[in-house]
Amino acid sequence: MKKLFNTLLIIVTTFFILDVVTIQAQTLVNQWGLTSQGKAWKILNDASTPAGNASIGGVNPIPGWATIRGEFGILEATTDQAVVVTGKIEFVGATGGGDTYTPLRYAITYHADDTLKNALTDSAVWIRTTGSGYGFHPRTGTGTMSNGNGGSGTVWTVNNGSWASTWSNNGKPIAVINQAPRNAELIAGTYDFAFSVRKIDDFTNEIKWFLVEENNKYWYGGTDIDTATTQKFNGVCFGVNTGGWTQVNITGASAVLGTPIDIPEAPWEAYYVDQWGLTSQGKAWKILNDANTLVGDASIGGVNPIPG
């Protein structure tokens with residue numbers, strides 16, 4: 001008996017459903033020019049300068065503000081992703097910022113209508129419009145903290161105003177964070193810098209930043225939540241005023257939408273008590289300190305027995 005076998009071929013089709021992931025490419029800051037906030041130095045970029053890099057330089061001491069702005073494509077902060085800008089800045093010179101008043105001011109901003117003229121020449125310059133964003137004014141040594149309209153601070157809002165000014169920025173100080181170690185100076189050398197701005201809601205941003213010398217001799221950083229003067233950004237600005245610089249180099253400056261930055265831990269350095277004086281609660285003796293007294297030491301003395 002012959003059996004007939006019918007073979008049933010079953011074709012199984014497997015469907016793979018892939019999540020759609022949007023990867024935001026990192027953008028090197030590649031449009032650099034001087035700004036109207038200060039043109040004391042020339043820009044040193046030319047056609048051979050790699051994207052992400054920029055230099056300004058000239059005669060030392062700086063005869064006034066020297067400023068530079070780099071632009072990237074517009075990035076907008078969301079509740080999930082921050083606008084993140086990172087890079088390195090190098091101060092070239094025999095001396096540093098010392099105890100001077102704000103030898104460095106820098107910012108992350110949105111300028112809607114600036115135009116770059118004479119790109120890749122020593123006269124490259126941004127035709128200025130007002131901008132919005134956040135300005136960073138690190139303190140150096142025992143120098144006076146940045147001050148102006150609204151008080152004093154080391155971080156300022158820029159609200160349709162001048163990024164380098166504390167009077168015409170139409171903003172206010174929003175953070176008072178001093179450098180570490182205590183009274184550290186902005187010295188010649190290379191520093192890592194970073195900002196991130198994340199949207200909290202339509203009216204509020206989280207701002208994070210740091211500026212750290214490569215050997216951890218200077219640290220400035222922090223986090224703040226404040227008014228959203230803008231949630232779009234397309235540029236970084238740097239300005240130097242005092243200090244012993246002959247040149248400032250920016251390298252690897254890039255912008256991306258991504259995770260907010262982590263702030264490096266501040267260095268600690270023990271310090272001596274160095275400011276001594278009598279008080280109104282009793283001045284029967286004189287203080288014996290003078291310019292030769294060792295830091296951390298103090299003496300008071302006079303006729304014995306104490307007359308008060």
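N118 counts as partly exposed, at 42% relative accessibility. Here, buried means under 20% relative accessible area, exposed means over 50%, and partly exposed lies in between (1.4 Å probe, protein chains only). N118 lies in the loop between β8 (115–117) and β9 (125–127). Helices (H or I, at least four residues) and strands (E, at least two) are DSSP runs, numbered from the N terminus. N118 is not a glycine, yet its phi is positive, about 60°. The model is a predicted one, in which local features need pLDDT of at least 70 and side-chain atom pairs count only at pLDDT 80 or more, while totals for chains, interfaces and linings use all residues. Residues are numbered from 1 along each chain as its sequence is written, and side-chain values use heavy atoms, with hydrogens and water left out.

N160 also has a positive phi without being a glycine, with a value near 55°. This residue sits in strand β13 (residues 155–161). N160 counts as partly exposed, at 45% relative accessibility.

Two cis peptide bonds can be described next. One joins A180 and P181, with omega about -10°. P181 is found in the loop between β14 (173–175) and β15. The other runs from N304 to P305, with omega near 5°. P305 is found in the segment after β21 (300–301).

Strand β5 (residues 66–76) is largely enclosed by the rest of the structure, because 8 of its 11 residues are buried. Strands are said to pair if DSSP finds at least two bridges between them. β2 and β5 run antiparallel and are joined by 5 bridges. In this pairing, W32 has G70 of β5 as its bridge partner. β5 is also joined to strand β18 (residues 232–240) by 8 bridges, again in an antiparallel arrangement. There, L75 has F233 of β18 as its bridge partner.

The loop between β4 (54–57) and β5 holds P61. P61 is exposed, with a relative accessible area of 62%. The C-alpha atoms of P61 and L116 are separated by 27 Å, and the two residues are 55 apart along the chain.

Aromatic contacts come next. A pair of aromatic rings is described by the distance of the centres and the angle of the planes. Rings of Phe, Tyr and Trp (its six-membered ring) pair if their centres lie within 6.5 Å; planes under 30 degrees apart count as stacked, over 60 as edge-to-face and the rest as tilted. By this rule there are 12 aromatic pairs. One of them is the edge-to-face pair of F91 and Y191, at 5.4 Å centre to centre and 75° between the planes. F91 lies in strand β6 (residues 82–92) and Y191 in strand β15 (residues 189–201), so this pair ties together parts that are 100 residues apart in sequence. F91 is buried, with a relative accessible area of 2%. Y191 is buried too, with a relative accessible area of 0%.

F136 and F195 form a tilted aromatic pair, 5.1 Å centre to centre, with 40° between the planes. F136 lies in strand β10 (residues 131–136) and F195 in strand β15, so the pair ties together parts that are 59 residues apart in sequence. F136 and F195 are both buried. These residues also belong to a cluster linked by ring pairs, made up of Y106, F136, F193, F195, W209, Y220 and F238.

The charged end of R69 sits over the ring of W126, 4.4 Å from its centre. The rule for such a contact is that NZ of Lys or CZ of Arg is within 6 Å of the ring centre and within 35 degrees of the ring normal.

The structure holds 1 cavity of 30 Å³ or more. On a 1 Å grid over the protein atoms alone, a cavity is a set of points where a 1.4 Å probe fits but cannot get out, and lining residues have an atom within 4 Å of a point. Grid points are joined across faces, edges and corners, and a volume is the space filled by probe spheres set on the points. About 80 Å³ of space lies in the largest cavity. Its lining has 14 residues, of which Q37, H111, D114, R128 and W163 are the closest to its centre. Strand β2 (residues 31–39) gives the largest share of this lining, 3 residues. By type, the lining of the largest cavity divides into 2 nonpolar, 9 polar and 3 charged residues. Ala, Val, Leu, Ile, Met, Phe, Trp, Tyr, Cys and Pro count as nonpolar, Asp, Glu, Lys and Arg as charged, and the others, Gly among them, as polar.

Methods
On a 1 Å grid over the protein atoms alone, a cavity is a set of points where a 1.4 Å probe fits but cannot get out, and a pocket is an open set with protein on both sides within 12 Å along at least five of seven lines; lining residues have an atom within 4 Å of a point.
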